[in-house]
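Q: Hi, could you walk me through a structure that is new to me? I'd like to begin with the overall picture and then go into some details.

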Amino acid sequence: MKQVMSNKLVIALYTLPALILILALVYVPIMMSGYYGLMDWDGIGAMTFIGLENYIALMQDAKFWDSAYHSFLLAAFSTLSLGAYLLISLVLANKLKGSELLRKIYLIPMLLSSVAIAQLWLKIYDPNNGMLNSLLEFFGVENTPIWLADPDLVLFSIFIAIIWQYAGFYIIIYSAALKGIPESLVEAARIDGANPLQIAWKIKVPLIAGVIKVTIVLAIVGSLKYFDLIYVMTGGGPNGASEVMASYMYKEAFGAYNFGYGSAVGFALLVICLLLTWLIRKLTTSDEEIQY
C-alpha cells in the first residue's frame, strides 16, 4: 500500500510542472477572457463592470454573425477537403513508385510559417504579375479576376491556400493510420477477390474511422479559430468579405481598443468550438462505444 502511495506521489510530482503550465497558459486566460467580457475596458484605463452587455451586443452584431458565417464556410470547406487528403493517402499507401517522395513534398508547407505562406500566395494571386493570372492569360482568358479584391472570390482563394498549407499534416496522419492496418487483413481480402477500391472502402477506411473523426474535429475547430494567414493576406477585406471570428476579435480588441467586447467575441468563439466538438463526438460515437 505504501509503495502504491509512493508511486502516485512520484507521478503527481512529475506531472505537476505540466499541470501548472497548462493552468497558467490555458485555463486562467480562458477564465480571464470571460471575466473581461463583462467589462467596459480599453485595455489601458480602469475597467467598468457592465455585466452581460457585451454579450447581448454580440448577439445583435451583424458583423460578428457575418464573420461567424465565413468561419463556418471555411470549416465546411476544410472538412470536405479531408476527403481529398484521405484519397491521396490511400493511393500513397499502395507503395507506388515515388510515393515516399510525394509524402516529403506534401510536408514542405508545414516547414513554412503562416506569414511566409501568405506572402507566397499573395504573389501567386497578384492581379498584374501573379503566376495564376499569367497562366490564365496564356490560355486566352482576357478578363482575369482580382482574386483577393473580389468579395465573391476572396474566401475561395484563401481556402485554396489553406488546403495547400495543411495537406501534408493530414496526409501524414492518414498515412500513419493506414500503416497500422495489419497486412494480413488486406491479403485475406485480396485472396477473397476484393479489388483495390473495395479494400480501401470496406476495410481500410472503417479501420481508421477513429482517426478520421479526430481529423474532422481538428479541421472544424482549427478553421473556426483560424487567423494568421487570413489577416496577412486580406486583413478581413474587402469590406469584411473574408472577416472571420478570430480576426474580428483581434480588430475589436487591438484595433478599436475595445478589450471588453473583443474578449466577449473570443469567449463566444471558445463556446462555439466546445459545442461543436461535443456535437461531433455525439454524432460520430456509436452506442457500443458509449457503453464501453
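**A first look at the protein**

A: The protein exposes about 18000 Å² of surface, and carbon and sulfur atoms supply 69% of that area. Please keep in mind throughout that this is a predicted model.

Q: OK, and what is the secondary structure made of?
A: The secondary structure comes to 14 helices and two strands.

Q: What does the C-alpha trace span along its principal axes?
A: The C-alpha trace spans about 80 × 75 × 35 Å along those axes.

Q: Which stretches are annotated as transmembrane region?
A: According to the UniProt annotation, which comes from an unreviewed entry, the transmembrane region label covers residues 12-32, 68-93, 105-122, 153-173, 207-227 and 259-280.

Q: And what does the model show over residues 12-32 and over residues 68-93, helix or strand?
A: Over residues 12-32 the chain is 100% helix and 0% strand, with the end C-alpha atoms 27 Å apart. Over residues 68-93 the chain is 96% helix and 0% strand, and there the end C-alpha atoms are 37 Å apart.

Q: Switching to the surface, which residues make the nonpolar patch?
A: The patch, of about 1000 Å², is made by L21, I22, L23, L25, V26, Y27, V28, M31, M32, Y35 and M47. To take one of them, V28 lies in helix α1, which runs over residues 2-36.

Q: Is V28 buried or exposed, or something in between?
A: V28 has a relative accessible area of 34%, so V28 is partly exposed.

Q: Let's move to α10. What span should that helix have, and what does the model give?
A: Helix α10 has 16 residues, 209-224, and at 1.5 Å a residue they should span 22 Å; the end C-alpha atoms are 23 Å apart, which agrees with that expectation.

Q: Which residues in α10 are buried, and what covers them?
A: The buried residues in α10 are I212, T215, A219, I220, V221, S223 and L224. Their cover includes α3 (62-92), α7 (154-179), α9 (196-207), α12 (245-255) and α13 (259-284).

Q: You mentioned α7. What can you tell me about F159, and which residues does F159 touch?
A: F159 has its place in helix α7, and because its relative accessible area is 9%, F159 is buried. Leaving aside residues up to four places away in sequence, F159 touches L74, F77, S78 and S81. F159 and S81 are 78 residues apart in sequence, while their C-alpha atoms are 9.8 Å apart in space.

Q: What about P182, where is that?
A: P182 is found in the loop between α7 and α8, the latter being residues 183-191. At 41% relative accessibility, P182 counts as partly exposed. The C-alpha atoms of P182 and I30, which are 152 residues apart along the chain, are separated by 42 Å.

Q: Now charges: how many salt bridges does the structure hold?
A: The structure holds three salt bridges. As background, side chains of opposite charge can pair when their charged atoms come close.

Q: Which residues are linked in a network?
A: E183, E187 and R190 are linked in a network of salt bridges. R190 pairs with E183, where the closest N and O atoms are 3.7 Å apart, and R190 also pairs with E187, where the closest N and O atoms are 2.8 Å apart.

Q: How do R190 and E187 sit in their helix?
A: Both R190 and E187 lie in helix α8, three residues apart, about one turn of the helix. An α-helix has 3.6 residues a turn, so residues three or four places apart point the same way.

Q: How accessible are R190, E183 and E187?
A: R190 counts as partly exposed at 41% relative accessibility; E183 is partly exposed with a relative accessible area of 44%, and E187 is partly exposed with 36%.

Q: And which residue does K251 pair with?
A: K251 forms a salt bridge with E243, and the closest N and O atoms are 3.0 Å apart. K251 counts as partly exposed at 30% relative accessibility, whereas E243 is buried, with a relative accessible area of 10%.

Technical notes
Residues are numbered from 1 along each chain as its sequence is written. This is a predicted model: local features need pLDDT of at least 70, side-chain atom pairs count only at pLDDT 80 or more; totals for chains, interfaces and linings use all residues. Side-chain values use heavy atoms; hydrogens and water are left out. UniProt positions are given in the numbering used here, feature names are shortened, and annotations may be inferred rather than shown by experiment. Helices (H or I, at least four residues) and strands (E, at least two) are DSSP runs, numbered from the N terminus. Patches are made of residues with over 30% relative accessible area and no salt bridge: like charges are joined within 9 Å, nonpolar side chains (Val, Leu, Ile, Met, Phe, Trp, Tyr) within 5 Å. Accessible areas come from the Shrake-Rupley method with a 1.4 Å probe; for residues, only the protein chains shown count as cover. A salt bridge is a side-chain nitrogen of Lys or Arg within 4 Å of a carboxyl oxygen of Asp or Glu. Buried means under 20% relative accessible area, exposed over 50%, partly exposed in between (1.4 Å probe, protein chains only). The expected span of a helix is 1.5 Å times one less than its number of residues. Contact means heavy atoms within 4.5 Å.
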